[in-house]
Amino acid sequence: MTSPISSFINHINLPRFVRVHQVFAHNEIGEEEIAAKLTEDLKNPEIEKAVRPGMRIAITCGSRGVSNMPFVTKFLVDYVRSKGAEPFLIPTMGSHGGATAEGQIEILKSLGITEEAMGAPILSDMTTVKVGHVKDDEDDFDVCIDKNAAECDAIIALNRVKAHTSFQGPYESGMMKMLTIGIGKQYGAHICHANGDDSMSQRIGKNARVVIENANVVIGVALLENSFDKTFYVEAMPGKEIPEREPELLTKAKAQMGRIWFPSCDTLIVRELGKNYTGAGMDPNIVGRCVNEKLKMGIEAQRIGIFDLTDESHGNATGMGRADFCTDRFFKKVSFADTYPNAITSYNASAYRIPVVAGSEKDVIQACLASSIKIDYDNPRIIIINNSLEIEEILISEAMLPEAEKMDTIEVESEPFELSFSPEGDMLTKF
């Protein structure tokens with residue numbers, strides 16, 4: 001297919017590139033270490049006296065593909081049962097899964113969390129029950145949680161603690177968010193998003209505290225991941241300690257985040273956008289351009305181009321609005337029915353806007369350069385990554401080589417070479 005902008009960009013010559021290795025710590029831990037740490041933490045006297053024989057205890061299960069989540073969920077099921085209590089699982093994922101009980105069970109299944117694998121029933125219900133109220137000078141709203149969680153004897157809040165993609169604060173993604181948006185179902189997601197991103201962390205804190213106080217949250221379990229989305233730390237704590245402990249764990253998690261070590265470039269190319277990499281399609285902590293324009297995160301790139309949408313996204317192109325140009329192939333994969341509901345739920349349409357459809361992959365790179373302002377067109381600074389999760393191996397243009405050679409966090413792995421393209425303009429160079 002000939003791009004409608006071909007005649008405006010075909011004069012752009014692409015530079016040579018080099019393969020570079022970004023250095024991150026390989027500090028992930030295995031299942032034996034995870035089990036040993038949790039076993040020790042769960043000996044806390046506050047926890048031991050809170051989990052009693054005969055209790056029905058709900059364990060939260062989110063919608064993200066978190067490292068070791070099935071293993072830890074099964075570990076907690078076995079722990080509860082060893083104490084003479086009866087565990088069950090509840091999907092805690094806001095309005096995901098089409099905001100249906102069946103859809104949320106299917107999401108858990110895709111993550112390897114089933115009744116058979118976990119050895120415990122999964123009770124999925126979108127009905128919420130009021131457990132308290134928040135009222136102060138800024139907020140006035142009911143606190144509601146999953147019906148099954150409200151009716152049981154105790155709750156274990158399990159989640160990954162990590163940086164969020166659209167807001168910052170003491171509470172981002174973690175146990176507190178699980179006790180607000182996750183366990184609050186569609187209602188909880190609506191309440192927390194209603195005042196915009198600037199209020200998200202604050203509302204999560206207020207809402208979750210009420211849940212902890214009124215719904216007998218007995219244990220919090222946090223998983224932290226390194227630059228490769230592998231577990232490097234776990235911790236179990238009494239439920240009442242979650243509000244104070246989580247900000248410290250968030251700081252610890254942020255220190256291990258992956259990032260593009262270069263502070264800026266003219267053009268950033270992301271070969272694949274996908275919900276399987278991050279809920280934001282491409283993580284602004286990596287690629288920049290947060291939907292909250294007040295926040296600065298990730299690399300500064302004058303132009304961003306995207307090549308493809310992963311099959312695992314099922315047409316959900318959340319995050320495409322962060323890009324300036326995309327391929328024709330990407331555009332044809334977009335399902336607006338699967339993408340646009342997220343824009344309404346999040347009260348922000350910016351991440352869902354359609355980039356300029358440039359044509360082929362080569363066209364996207366050329367279009368990014370042709371539309372850039374005040375750059376060295378003969379020696380442009382370009383970075384190409386496969387996606388916003390797998391960023392250990394990347395390509396940089398030759399103009400960035402002097403900068404790379406001065407950085408301890410970058411290892412140059414090749415001599416400069418020309419990119420290879422198919423006759424249709426698809427990039428054949430792999431890395």
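Is cysteine 152 buried or exposed, and at what relative accessibility? At 11% relative accessibility, cysteine 152 counts as buried. This briefing concerns a predicted model, and it describes strands, a helix, cysteines, aromatic rings, salt bridges and a surface patch in turn. The search of the whole structure finds four aromatic pairs, while the count of salt bridges comes to 29 and that of disulfides to zero.

**Cysteines**

- The sulfur of cysteine 152 has its closest cysteine sulfur in cysteine 61, 13 Å away, which is too far for a bond.
- A disulfide is a covalent bond between the sulfur atoms of two cysteines.
- The count of disulfides in this model is zero.
- Cysteine 144 counts as buried, with a relative accessibility of 11%.

- Strand β6 covers residues 154-160, and seven of its seven residues are buried, so the strand is largely enclosed by the rest of the structure.
- On one side of β6 the buried residues are Ala154, Ile156, Leu158 and Arg160, and on the other they are Ile155, Ala157 and Asn159.
- Strand β2 (residues 56-61) runs parallel to β6 and is joined to it by three bridges.
- Within this pairing, isoleucine 57 stands opposite alanine 154 of β6.
- Strand β7 (residues 217-225) also pairs with β6 in the parallel sense, over six bridges.
- Leucine 158 has valine 221 of β7 as its bridge partner.

**Strand β10 and its partners**

- Strand β10 (residues 300-309) is mostly covered, with eight of its 10 residues buried.
- Eight bridges link β10 to strand β9 (residues 264-273) in the parallel sense.
- Leucine 309 in β10 has leucine 273 opposite it.
- Strand β11 (residues 325-327) pairs with β10 over two bridges, again in the parallel sense.
- Cysteine 326 in β11 stands opposite isoleucine 306.

**Helix α8**

- Helix α8 spans residues 175-182, and because seven of its eight residues are buried, the helix is largely enclosed by the rest of the structure.

**Aromatic pairs**

- A pair of aromatic rings is described by the distance of the centres and the angle of the planes.
- Four aromatic pairs are found in the whole structure.
- In one of them, the rings of phenylalanine 24 and phenylalanine 228 have centres 6.1 Å apart and planes at 80 degrees, so this pair is edge-to-face.
- Phenylalanine 24 lies in the loop between β1 and α2, and phenylalanine 228 in the loop between β7 and β8, so the pair ties together parts that are 204 residues apart in sequence.
- Both phenylalanine 24 and phenylalanine 228 are buried.
- The rings of phenylalanine 331 and phenylalanine 336 also form an edge-to-face pair, with centres 6.5 Å apart and planes at 65 degrees.
- Phenylalanine 336 is partly exposed, at a relative accessible area of 29%.
- Ring pairs join Phe24, Phe228 and Trp261 in a cluster.

- Phenylalanine 331 belongs to helix α13 (residues 328-333).
- A relative accessible area of 32% makes phenylalanine 331 partly exposed.
- Together with Tyr340 and Ile354, Phe331 makes a nonpolar surface patch of about 260 Å².

**Salt bridges**

- Side chains of opposite charge can pair when their charged atoms come close.
- The count of salt bridges in the model is 29.
- Lysine 37 and aspartate 41 form a salt bridge in which the closest N and O atoms are 2.7 Å apart.
- These two residues are four residues apart in helix α2, which means that lysine 37 and aspartate 41 are separated by about one helical turn.
- Lysine 37 is partly exposed at 25% relative accessibility, whereas aspartate 41 is buried, at 16%.
- Glutamate 46 and lysine 49 meet in a salt bridge with an N to O distance of 3.5 Å.
- Both residues belong to helix α3 (residues 45-50), where glutamate 46 and lysine 49 are three residues apart, about one turn of the helix.
- Glutamate 46 is partly exposed, at 30%, and lysine 49 is exposed, at 54%.
- Arginine 245 and glutamate 248 form a salt bridge at 2.5 Å, N to O, and both lie in helix α11 (residues 242-254).
- A network of salt bridges links Asp308, Asp311, Arg329, Lys333, Glu361 and Asp426.

How values were computed: Residues numbered from 1 in each chain as written. Predicted model: local features only at pLDDT ≥ 70, side-chain atom pairs only at ≥ 80, totals over all residues. Heavy atoms only, no water. Patch = residues over 30% accessible without salt bridge, like charges linked within 9 Å, V, L, I, M, F, W, Y side chains within 5 Å. Areas by Shrake-Rupley, 256 points an atom, 1.4 Å probe, with all protein chains shown as cover. Salt bridge = Lys/Arg side-chain N within 4 Å of Asp/Glu carboxyl O. Buried < 20%, exposed > 50% of the residue type's maximum accessible area, 1.4 Å probe, protein only. Pairing = 2+ DSSP bridges. Disulfide = S-S within 2.5 Å. Phe/Tyr/Trp six-rings, centres within 6.5 Å; stacked < 30°, edge-to-face > 60°.
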